[in-house]
Amino acid sequence: MEKAETAARFPGWAGEEWRMLGSPRLPWPRPKGESEPRLSPPRLRSPLVAGRSQRFLLPFKSSCVPHAPASCVNPSARLAASPSCARVHSFMEPGSKMMAQFRLALIQLRVSSVKADNLTRAGEFIKKAANQGAKIISLPECFNSPYGAKFFPEYAEPIPGECTRRLSDLAKECQVYLIGGSIPEEDDGKFYNTCTVFGPDGALLAKHRKLHLFDIDIPGRIRFQESETLSAGDSLSIFETPYCKVGVGICYDIRFAELAQIYSQRGCQLLVYPGAFNLTTGPAHWELLQRGRAVDNQVFVATASPARDVDSSYVAWGHSTVVSPWGEILAQADTDETIVYANIDLKKLLEVRQQIPVLSQKRADLYAVEWKKV
């Protein structure tokens, strides 16, 4: 639709952004003759080119095409250039050729003390998942090393390094979006718990350093202090696919509802958390937190855990899981090494947001959650 025609049909529209169904505080423009703003998108007529719906003008490049370069999906650079982009979501009219369904795979890897073996076996599982039709694949937290403060410096490597170069090659070879769980990263004398994401062309799409360090002390049960060794990250991590935007967190990040809410506000429809809960927090909170983040934000939530190894110094809970925006468990592993598959249907997300439109009912006049670092 041409800008002039749009302005005629929707008076007062600035012509800079289209807004996604269910986005908080962002009602659709009011057409002439209607007294109330729309809570669902107006039916727009746009020409079809080679069977694909023409996208509407956005103030930044929307990478709803395969193999988008990293420069198009670096959220820090894009948001720094235009803070208003935080509220802009790409939208394609119903009936378009945008891919609304895809297969997600979570690799619940049994992690050993031998880094090379972990990397080799991770590669085998990635290839297997890709052969089963997975388009987005995630490894677990600390997939290349034992989980523990004393292990982080020993197994840490720079990025790019041995593990991330291999992950890049695997993503390109298998033509998938690969969420590389996490590895201990060394950078300028500091250590981070870091997740890298690679596209089907092998390009680095995101690098997420764990924002919230796992420092807990439950007397008689477990004490763990990541901050004794690790430094915290300070940036959001969002990448785009032909299917949807994806927000990334690591393990303890899932406990902080504000992060998930900001990801949802910025258009993410899938949140992925590689994580290694333990035998104390796992049975109590693992599933509860995932379902809470999914229902609160009406998004899909996926968690990839290491397999349980009772002989390890830190015993992971396992139970890698995929949760729907309705809070349903779509797929869940037990404790053994395996691959969890889930067929993600984004039409279900839109249905939930239409049926219970909490994202458009938030009281921005009373409260707000915002990302302070631009």
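This report describes selected strands, helices and loops of one predicted model.

## Basis of the model

The structure is predicted, and local features need pLDDT of at least 70, side-chain atom pairs count only at pLDDT 80 or more, and totals for chains, interfaces and linings use all residues. Residues are numbered from 1 along each chain as its sequence is written, and side-chain values use heavy atoms, with hydrogens and water left out.

Helices (H or I, at least four residues) and strands (E, at least two) are DSSP runs, numbered from the N terminus.

## The six-stranded sheet

Six strands form an open sheet with mixed pairing, in the order β11-β12-β13-β14-β15-β16. Two strands count as paired if DSSP finds at least two bridges between them. The edges are β11 (238-240) and β16 (329-332); each has a single partner strand, so one side of each is left without a neighbour in the sheet. On average, neighbouring strands of this sheet are turned by 20° against each other, direction ignored. Such angles run from 0 to 180 degrees between N-to-C directions, and the axes are lines fitted to C-alpha atoms, for helices over the stretch in contact.

In general, strands of a sheet pair through backbone hydrogen bonds, either parallel or antiparallel. Strand β15 (residues 321-323) takes part in two antiparallel pairings: with β14 over three bridges, and with β16 over three bridges. V323 of β15 is the bridge partner of V301, and V323 also stands opposite I329 in β16.

## Strand β14

Strand β14 covers residues 300-304, and five of its five residues are buried. Buried means under 20% relative accessible area, exposed over 50%, and partly exposed in between (1.4 Å probe, protein chains only). Both faces are covered: F300, A302 and A304 lie on one side, V301 and T303 on the other.

Strand β13 (residues 268-274) runs parallel to β14 and is joined to it by five bridges. One of the bridge pairs is P274 with A304. Together with helix α8 (residues 281-297), β13 and β14 make a right-handed β-α-β unit. A crossover is right-handed if, with the strands pointing away from the viewer, the path from the first strand over the helix to the second runs clockwise.

## Helix α7

Helix α7 (residues 257-265) is mostly covered, with seven of its nine residues buried. These are L259, A260, Q261, I262, Y263, S264 and Q265. Their cover includes the strands β8 (204-209), β11, β12 (245-248) and β13, and the helices α8 and α9 (346-355). After α7 comes G267, which has a positive phi near 95°.

## Helices α4 and α6

Helix α4 (residues 115-131) packs against helix α6 (residues 162-174) at an angle of about 15°, with the axes 10 Å apart. The two helices are therefore roughly parallel to each other. Angles under 35 degrees count as roughly parallel, over 145 as roughly antiparallel, 65 to 115 as roughly perpendicular and the rest as oblique. Residues in contact (heavy atoms within 4.5 Å) include L119, G123 and I126 of α4, and C163, L167 and L170 of α6.

L167 lies in helix α6 and is buried, with a relative accessible area of 1%. Leaving out residues up to four places away in sequence, L167 touches I126, L139, F143, L178, G180, T196 and F198. L167 and G180 are 13 residues apart in sequence, and their C-alpha atoms are 6.9 Å apart in space.

## The hairpin of β6 and β7

Strand β6 (residues 183-187) and strand β7 (residues 190-198) run antiparallel and are joined by five bridges. D187 stands opposite K190 in β7. Two residues lie between the strands of this hairpin, and D188 takes a positive phi near 55°.

## Backbone details in loops

The peptide bond from I159 to P160 is cis, with omega near 5°. P160 is in the loop between α5 (152-155) and α6.

C142 sits in the loop between β4 (136-138) and α5, and is buried, with a relative accessible area of 2%. Q175 sits in the loop between α6 and β5 (177-179), and is partly exposed, with a relative accessible area of 39%.
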